[in-house]
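This report describes the chains of a complex in turn, then turns to their contact and to a few local details. Please keep the sequence and the structure at hand while reading.

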Amino acid sequence: MNDLNNFEKADDQVQKLNVQRQRVKKKVKRKKVIVYSMVYLFLAFMVIVAVVPFWIVIINSTRDGMSISTQGMTLIPGTSLVENYKILVENVDIGRGFWNSLKIATLVTVLSGYFSALTAYGFHMYNFKAKNFLFGIILIFMMIPSQLAFLGYVKWMTQIGLMDTHAALIIPSIASIGTVFFLRAYISAALSKEIIESARMDGAGELYIFHRIALPLMAPGVATMSIFTFIGSWNNYLSARVILSSKQNETLPMVISSLKALKIWYLNQGAIYLGFAISIVPIVVVFIFASKYLIENISAGAVKG
Amino acid sequence: MKKIKDKVGYLFISPFFLVFLLFNAYPILFTIYLSMTRYKGFGPKVFIGADNFKLLFKDPNLVDAFLNTLKIWGVNIVFQIFLALLLVMIFSDIKYKVKGLGFFRVIFYLPNLIAAATIALIFMKLLDKDYGVVNQVLFNIGWIDKPIGWLTKPIMAQMSVSGIQTWMWFGNSFILFMASVQAVSKEIYEAARIDGAGRIQVLLNITIPSIKPILMYVMVTGLIGGLQLFDIPFLITDGKGFPEGSLNTMIVYIYNMAFVHKNYGYASALSFALFLVIMTFTVVFTVMTNKKELREFFSNRKQVKARKKERSVLKGSAKYE
C-alpha cells in the first residue's frame with residue numbers, strides 16, 4: 001500500500017515537473033515569437049523608410065497633377081502616365097539629357113577601365129627607372145580632393161576651348177587615380193608573371209599580350225570598378241553644371257534640376273515625378289544586376305580597413 | 001633585350017601621365033596661382049600675393065559655412081551610426097538568427113545610388129510646405145494642425161538636410177560595419193554568451209572595438225563629404241544657401257564666390273583653405289588609425305639609427321686601436 005502511494009506521489013511529481021517544463025518551453029517560445037516579430041517589424045519599417053520615396057515617385061509619375069495635389073498620397077497607380085510624358089517632353093528635352101548622360105557615362109567608364117588597366121599593368125610588369133617615384137606621385141595626388149583643382153580646371157578649359165563640350169568631362173577619366181590604385185592591387189593577385197613570360201617566349205608582342213592575356217584576366221576587377229565609375233558619372237552634377245552651358249549639351253541631372261523652374265507645381269506635378277523616375281530607374285536596374293559584386297567590394301574594403 | 005622590354009613600361013603609363021599632368025596636376029597649380037591674384041573670372045589677373053589669404057581670417061561667412069557643415073554632419077552621423085549599429089546588433093545576434101541579410105543590404109543601399117541632384121528635388125517636393133506629402137500625411141494623422149516649413153526655417157532646413165544625408169548613408173555604414181563584424185570569429189561571441197554577457201556588454205566590449213577603425217573611417221569620410229556637400233543644399237535653396245544662410249556649405253560658398261560674385265581669386269583661396277582643412281582631417285585620421293604601424297616604423301628607424309651609430313663607434317674605436 002505504502003509503496004503504491006509512494007509511486008503515485010512520484011508520478012504526480014513527474015507530471016508536475018512535465019507541466020512546468022512545458023510552461024517554461026511555451027514561455028521561451030512565446031518570447032522568441034515576440035522578439036522575432038519585433039525585429040522583423042523594425043526591419044520592415046526600415047525597408048519602407050528606404051524605399052518609400054522611390055515608391056512615391058513611381059506612383060506619382062502615373063497620376064495627374066490635380067489628384068496629387070488634392071488627394072495626397074496613395075499607393076495605387078493612376079492612369080496619366082502618357083499625359084505626364086507629353087507635358088514633360090513639351091517642357092524639357094529629357095530624351096537629349098538621357099542620351100547625353102548615357103554617352104558621357106559610357107565613354108568615361110570605358111576609358112577609365114581601359115587606361116587604368118593599361119597603367120596598372122605597366123606599373124606591375126615592367127621595372128623602368130623612376131617607377132616608384134611615379135607611383136608615389138599618384139599616391140600623393142590621391143589624397144588631394146578634386147575641389148582644389150576645380151576652379152583652375154574651369155579656367156584652363158576656357159583657355160584651351162573645351163568649355164561647354166562633353167570632352168572636358170570625358171578626357172580626365174583617362175587618368176582615374178583611384179581605379180589605377182585598385183587595379184594595381186588586384187593585378188598582383190590575379191596575374192602571374194610566368195604566364196606573361198611564356199607568351200613572350202612564343203614571340204607575342206607586348207601590347208598583344210596585354211590585350212589578349214592580361215586584360216581578360218583583369219576583367220573582374222575592371223568590371224567592379226566600372227560599376228562605381230558609371231554610377232558616379234551618371235550622377236555627377238557639379239562639374240557638369242559649371243562646364244556645360246548650352247541647352248543641347250545638358251546632362252540628365254541638369255535637366256532634372258531645371259524641372260524646378262516649372263513653377264506651376266500644382267498642374268505639372270505628375271510630369272515632374274515622371275522626370276525623377278526616368279533618372280532613377282536605369283541606375284536601380286544596373287544595381288540590381290550588379291548588387292552582389294558591388295556589396296562584396298564595399299565589404300572587402302571594410303575588412304582590409 | 002630585357003632592358004628594351006622594361007622601357008615599354010613607359011609606353012603603357014604615358015597616356016595616364018599625359019592626361020594626369022594636363023587635366024589634374026596643372027589645374028591644381030593653376031588654382032593655387034589664381035588664389036594669389038585679383039581676378040573676376042575674366043579680364044586681367046592682378047598678382048596680389050597673400051592678400052586673399054589674409055582676407056580668409058576676417059571672413060565671417062567662412063566660419064558660418066564651417067559651423068553649418070559641423071551641425072549638419074553631427075546630427076547626421078549620430079543617427080546614421082545609431083541605425084547602422086542597431087542593424088548590426090540584429091544581424092550579428094547569436095541567439096536570434098535573423099535571415100535575409102543579402103536582401104536587406106541591397107535595399108538599404110538603394111538610397112545611396114541615386115544622383116544627389118535628383119534626391120534634392122524629390123525631397124524638395126516631399127517636404128514642400130503647402131503641397132508636400134510629409135505635411136499632408138502628418139496633417140491627416142492629426143499630429144500637426146499647421147504646415148511645417150521643413151525647408152524654409154533655418155534650423156528645420158539644416159535638420160532636413162541631415163535627415164536626407166542619414167537616409168542616403170545609413171545603408172553604406174551598415175554594410176561596412178557588418179563586414180568587419182563578420183571578420184571577427186564567431187567563437188568570441190559564443191564565449192561571451194556562455195560567460196553570460198548581455199547584449200549591451202557584447203556591443204560595448206566586442207562589436208564596437210572590433211569595428212573601431214571602420215567607425216572612425218565612416219566618421220571622417222562623412223565629415224570630409226559634408227565639407228564637400230553641394231548638390232543638395234544648392235538645389236534645395238535656389239543656390240544661395242538660404243534660409244538665412246543656414247545651408248551655406250563650403251562648396252556652395254565657393255561656387256557663389258566664383259560664379260555669382262565674380263571674385264575668382266578669393267574663391268580659389270577658399271578652395272585652398274578647404275583643401276588644408278580636409279588634408280588635416282585625413283592626416284589626423286591616418287595617424288590615429290595606424291598608430292601601431294607608425295610606432296613600429298619609428299622604433300625600427302631608431303633601432304637602425306642606433307645600430308648605425310654603434311657601428312660607426314665601433315669603427316672609430318677600431319681606428320684608434
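## Chain A and its fold

In chain A, 76% of the contacts with a separation of 6 or more are between residues 24 or more positions apart. This is a predicted model, and the predictor gives the complex an ipTM of 0.80 and a pTM of 0.82.

Chain A has 13 helices and zero strands, so that reading from the N terminus its elements run α-α-α-α-α-α-α-α-α-α-α-α-α. The radius of gyration of chain A is 30 Å, whereas the globule rule gives 19 Å for 305 residues, a value that chain A is well over, and chain A is therefore more spread out than a compact globule. Along the principal axes, the C-alpha trace of chain A spans about 110 × 70 × 35 Å, and 36% of its 305 residues count as buried.

## Chain B

The secondary structure of chain B consists of 14 helices and two strands. Because its radius of gyration, 27 Å, is well over the 20 Å that the globule rule gives for 321 residues, chain B is more spread out than a compact globule. Among the contacts in chain B between residues at least 6 apart in sequence, 69% join residues at least 24 apart.

The mean pLDDT of chain B is 85, with 95% of its residues reaching 70 or more. Within chain B, confidence is lowest in helix 14 (residues 291-320), where the mean is 73, and highest in helix 3 (residues 60-91) of chain B, at 91.

| Chain | Extent of C-alpha atoms along principal axes | Buried residues |
|---|---|---|
| Chain A | about 110 × 70 × 35 Å | 36% of 305 residues |
| Chain B | roughly 100 × 75 × 50 Å | 37% of 321 residues |

## The contact between the chains

The contact takes 67 residues from chain A and 70 residues from chain B. On the side of chain A that touches chain B, the helices that each supply at least two residues include helix 1 (2-60), helix 4 (94-125), helix 10 (206-235) and helix 13 (265-304) of chain A. Helix 13 of chain A gives the largest share of this side, 14 residues. By class, the side of chain A that touches chain B has 51 nonpolar, 13 polar and three charged residues.

Which residues of helix 3 (residues 81-91) of chain A are buried? They are A:Asn84, A:Ile87 and A:Leu88, and, seen down the axis of helix 3 of chain A, these buried residues fall within an arc of 100°, so they line one face of the helix. An α-helix has 3.6 residues a turn, so residues three or four places apart point the same way. On the other side of helix 3 of chain A, A:Val82, A:Lys86 and A:Glu90 are exposed.

A:Ile76 lies in the loop between helix 2 (65-71) and helix 3 of chain A. Is A:Ile76 buried or exposed? A:Ile76 has 7 other C-beta atoms within 10 Å, and because a residue counts as exposed at 12 or fewer, A:Ile76 is exposed. The C-alpha atoms of A:Ile76 and A:Asn60, which are 16 residues apart along the chain, are separated by 9.1 Å.

Terms used. Residues are numbered from 1 along each chain as its sequence is written. Chains are lettered from A and ligands numbered from 1 in the order in which they are written. This is a predicted model: local features need pLDDT of at least 70, side-chain atom pairs count only at pLDDT 80 or more; totals for chains, interfaces and linings use all residues. Helices (H or I, at least four residues) and strands (E, at least two) are DSSP runs, numbered from the N terminus. The radius of gyration is taken over C-alpha atoms; the globule rule is 2.2 Å times the number of residues to the power 0.38. A residue is buried if 20 or more other C-beta atoms lie within 10 Å of its own, exposed if 12 or fewer, and partly exposed in between; C-beta atoms are placed from the backbone. Two residues are in contact if their C-beta atoms, placed from the backbone, lie within 7 Å. The arc is that of the directions from the helix axis to the C-beta atoms. Ala, Val, Leu, Ile, Met, Phe, Trp, Tyr, Cys and Pro count as nonpolar, Asp, Glu, Lys and Arg as charged, and the others, Gly among them, as polar. pLDDT is the predictor's confidence in each residue, from 0 to 100.
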